Every structure is written in C-alpha cells, then in structure tokens.
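Reader: I'm new to looking at protein models. Could you walk me through how to read one?

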Amino acid sequence: MDVALGVLALVAVVCAGSALGRKLNVPVPLLLVLAGVGCSFLPFVPRIELTPELVLIGLLPPLLYAAALRTSLFDFGSNRRAIGLLSVGYVIFGTVAVGFVVSWLFPEIPLAAAMALGAVVAPPDAVAATAIARKVGMPRRIVNILEGESLVNDATALVCLRAAIAAISGAVSATEIAAGFLLAAGGGLAVGIAAAYVLTELRQRIRNVAINTSISLIAPLVAYLPAEAIHASGVLAVVVTGLVMGTKAPSMPNGAARLSQRSNWNTVQFLLENAVFLLIGLQVRTIIEGVRDDSLGADRIWLGCAGVLLAVLLLRPVWVFPATYLPRLIPAVRRNDPAPSWQFPAIVSWAGMRGVVTLAAVLVLPAEIEHRSVLILAALVVVAGTLALQGFTLPALVRLLRVQGPDPREDALNQASLMQLATAAGVRRLHELRTDSDPPEVVAMLKRRTQERGLAAWERLGRPSAEAATPSQRYAQLRLAMLEAERAKVLELRRGGEYAHEVLSEVLDRLDVEESMLDASLDELDMSPGGRGEGLARPGGVCEHLGSAPDPAVPSDAACRQCLREGTTTVHLRMCVACGNVACCDSSPGTHALRHFQASGHPVMRSIEPGEDWRWCYADELLG
C-alpha cells in the first residue's frame, strides 16, 4: 500500500508540476527539483533511496532510448565531430581536471576516488539540456549537438568511472583502461546494431498493434542487458538501437503500430524524465545529513563542494572554445564546415546541466572509500548548482546573444514544399496503377483527398484565423462538430442495448481515429510564434510592395557574402528584389536578409532556393 501511495503521489506531483511550469513559463525540470527539495524536508514524506540499479537499469535505458528514437541519425552523423569532441573528449578532460581539483581541495581523499568523482560530474544530463534548449528556441544545430552529446557521454563517463573504481581497489594499467574503452565502445556498438536488427525484423512481421508496441517498450532492456553481460557499454547499446530503430520506423509497415509506439513512448518519456528531477530534489535531505559527522568539518566541506562546482562551470568553456575553432585550422574542415560565430560555443558551454545520472553514478562508489559522503554531497552540489545557475540563466543568455532559433514561417514553407512533392509522387503512382475499370469517381476522390492534404500545408501560411478560416481549417471545425453528433448518437443507441458492445466499440474507435487526425490538423493550422490564432503569415495580393516589386535575375554565383566574411553558416538564400542583394534567411545564424531590410528599408525579398518561387514583404508581413 505504501509503494502504491508513493507512486500515486509521485505521478500526481509530476503532472501538477509540469502543468504549473508550462502555465508560469518556468522550466519544468527546475520547478520539479525545487518541489523535491521542499518535500524532502517535510516530516511526513518518507526517505526515498535513489539506488544505482534503479537509475542505471530502470530509468536511464528507457530515457536514452526515447531520446534516441526522436534523434535524426543523419543529423547525428553530420555533427559527429562536435558530438565526439564533447561526449568523449570533454568527458575524459573533465574527469582528469576535476579529479586533480578535488585532490587539491581535499588531500585526504585518494586521487583515484577524486578521479571517480570527476567521471561522475563530467557528463551533462541527457534530459535537462535538451528540454531547456527546445523551450528556449535555440538554433537546431546547437540542439542537435547537445542531444548527440548527452546520448553518448554517459557511456564514456561510466567507463571512466569503472576505471577509477578499479584503481581504488588496486593498480590498473593504461593498457587495461584502453582495453576497457575498446570493449565498451566496440561491444556496445555491436550489441546495439544486433538488437536493432532483431527487433526490426520481428516488428516487420508482427501486425498485431499490442504485440508490436510491447516489443518496442522492451527494446531498451533487450539492448542494455546483453551489453552489460559482456562488460560492454549498455548505455551505448541502447543509444545505437534507438537511433537505428528511430530511422527505420517510418519505412516499416503498420501505421497503427507506429502511432501506438509514438504515443506510448511520449507518455513514458514524460513520466520518467520529470520523475527523475523530482527524485533528485528528494535526495537533498538525506545527502546533507550524511556529511554532518565527517571529520573534514562542515565549513571546509561546503567550500570545497563550491570549488568543485566552480571548476565544472569553468572547465566546459575551456574545452568547448578550442574544440570548436582548432579543428577548423585544417583547410578541409574549414571548407566543409565554416567556423560559427562565438555565440554558438558560448551557448554550448553554458548548456551543461548535470542530472540524475551524476547522482546515481556517485552512489556506485565503494562504501569503504574515505569521505564517501563528501563525494556524494559534491555531486549533489554540482547537479543543483548547474540546474539552478545554468538552467535559469540559459534563456536570458540566448536572448542576450541574439541567437535565432528555427523560424516557424520557414518551417511552414518547407513543410508545404515537402508535402507538395509527396503529393505529386502519390498522384503519379495513382496514374500508374489506375485501370480502365476503375470508377472515375474513385480516382477523382483519391486525387482530391491527396491534394487537399498538400493544400492544407500551404494554408498554414495563410491569413490569421481572426480574419477568416482557411478551407482546411473550416473543414476540420465542421467535421469535428459532425463527429460529436455521431458519437452522441452511438452513445444513445448504446444505452438502448440494441447493439453488441464489440460493435459499438469498433464504431467509436473509428470516430476517435478520425477525430485525432482532425485535432492534429487544427493544431498545425493554428500554430504560430505568438500563440493561437495569429497565423504564420498572410497571403499576398493586397500589398503594394509585392504588386510593384521587380523581378531581377538571380546571379549564378549567389552566396551570402556577410556569412562568408563572418564565418557563419548559411541555411537558405534570399535576394532583395530592389537591389539584388543576396543574404541568408532567418533560420541562419546571421539573419542577414532581415538585417538588410532593417538597414535599407527595401521591403520585398524572394527565395532563390531551387524549386522555390515565392516572395516575402517584411513591411506588411505578406507572402506572395
């Protein structure tokens, strides 16, 4: 009964804290940590022990798997140098550097134990960084790098921790450490690929949605347990499995199973990642009480822990800035990937929040280590300090540095273009398959429904719903009202007892599926930077700037000269129709097209990307 009540209270606080955080526009992870800290000092709240097994087996694999499912393998590959330098290079650097700092602050603690603490606090958290990064609206490349780093760095840290613990127990050679790294990396990679292959083959052959989804839910343990059994990295195996299966999922049969997997993993991820931060806060009281009787003295312990936190905050930029710019001294690297502006490594340096893996890993330290409670407190101070200092100030830093996140208008336009290409492919396939015996009305209905989906994507660029609903939006609104009446009629007939329960359930399920699709359509149509009903952009046709704009020729060597001078990356190219200036879009770090309008007053630009023929009026915010 106590366990059931505890789980109920945990889920209730997580749900309430998440809802409150969204309402107050406060980062949910930070709010839940504070809630956990407050609850830990309440007399009626029992002590909750956060064991290494609970985190490293029960929480970490599903959390990493859920994050890997949503991570693009292609984005991971395109940023592999930056991810590798952070997830491997920085973790090893942080382990050694923090280890020497701890040994200097507390000479009574053995160097091997100090290195173990360095390995514990080295990896940023997989959940905190990306959760705050997405909320803040960072550029996609920074988010991709932080996601990739947080997926892999735990594996490196745990290998470093094993080596440090082995050194505590006895002598360990550099050869043994290197062999451990090779086994962890190679074994984890091999097990991850093998698990992904087996699970993918199984899911392709199973049509039952419940069984298919169940296989997906056990995938993290299928990858983790065999890897750990051969002393490889179970964490790396889970990440590899998630990356591969996430890439393969869209091409697998059975759309119902794909939807079920997505829905179930969203729920699992929501509960686990938020429960993790609540559990961190609940450990505070127990850990603080553990150092009361330590011989080092309270003042020295707390000052030393503050010193460790300061070292963690300073060491990340010490590594990130050289790791960003030194590789670009190589001409081939510089040509393929020009150096970003200094704001990018500044943000990556400050997005280093630690989380539950740090607390779980420090509890793995052997009980016989001298001053073990001090090491645990130092890990807690690092977690709490980075979450508070970096988590609360990261949004302000992004705004201060004026780093632009993804442009919703750009995304909507790209989505519409992509939907148009997909629709054209579907219509071509329809013409290939149709026969003379096919009823013309069936073919016409298929073409109309396919084209309407593509048109709905273009309507996201249309005028605000406050002025007039788009056709797709009005269709969704009317169809939802019809579905409500249909469901009411079915429920009325159910009360009469004239139809079997199975028949009624099947009809209600079909109505629910259609309603869920319409809800998604309405959400997409209403999505905007400012909230519901503002729209993404207004259509052209009424703007004098668009109507009188010239149509200059596109230069053959088009490029954003300012991006080349500043060393920033160009995402898409735009050209001012008044003077022919070519600049980068709002999704690019430099946003030079927007800056050109602000400096020159020239209102209209056009896209010069292949296959795009549209214009945008900055003055009237009109798409033409």
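Reader: Where does W342 lie?

Author: W342 sits in the loop between helix 15 and helix 16. Helices here are DSSP runs of H or I with at least four residues, numbered from the N terminus. By the way, this is a predicted model: local features need pLDDT of at least 70, side-chain atom pairs count only at pLDDT 80 or more, and totals for chains, interfaces and linings use all residues. Residues are numbered from 1 along each chain as its sequence is written, and side-chain values use heavy atoms, with hydrogens and water left out.

Reader: Okay, and which residues does W342 touch?

Author: Contact means heavy atoms within 4.5 Å. Leaving out residues up to four places away in sequence, W342 touches F321, Y325 and L401. Also, the C-alpha atoms of W342 and T324 are 9.3 Å apart, and these two residues are 18 residues apart along the chain.

Reader: What about charges? How do I read a salt bridge?

Author: Side chains of opposite charge can pair when their charged atoms come close. The cut-off is a side-chain nitrogen of Lys or Arg within 4 Å of a carboxyl oxygen of Asp or Glu. There are 17 salt bridges in this structure. One of them joins D337 to R81, with the closest N and O atoms 2.9 Å apart. That pair links distant parts of the chain: D337 is in the loop between helix 15 (331-336) and helix 16 (343-350), while R81 is in helix 5, 256 residues apart.

Reader: And how do I describe two helices that pack together?

Author: Two packed helices are described by the angle between their axes and the distance between the axes. Axes are lines fitted to C-alpha atoms, for helices over the stretch in contact, and angles run from 0 to 180 degrees between N-to-C directions. Take helix 2 (residues 28-40) and helix 18 (residues 372-401): their axes come within 10 Å and cross at roughly 145°.

Reader: Which residues meet there?

Author: From helix 2, L30, V33 and L34 meet L387, G391 and F392 of helix 18. The residues of this contact divide into five nonpolar, one polar and no charged. In that count, Ala, Val, Leu, Ile, Met, Phe, Trp, Tyr, Cys and Pro are nonpolar, Asp, Glu, Lys and Arg are charged, and the others, Gly among them, are polar.

Reader: Can you give me another pair?

Author: Helix 3 (residues 52-69) and helix 8 (residues 140-169) have axes that come within 10 Å and cross at roughly 150°. Here L60, L64, A67 and A68 in helix 3 meet S150, L151 and D154 in helix 8. This contact has five nonpolar residues, one polar and one charged.

Terms used:
Helix = DSSP H or I, 4+ residues; strand = E, 2+ residues; numbered from the N terminus.
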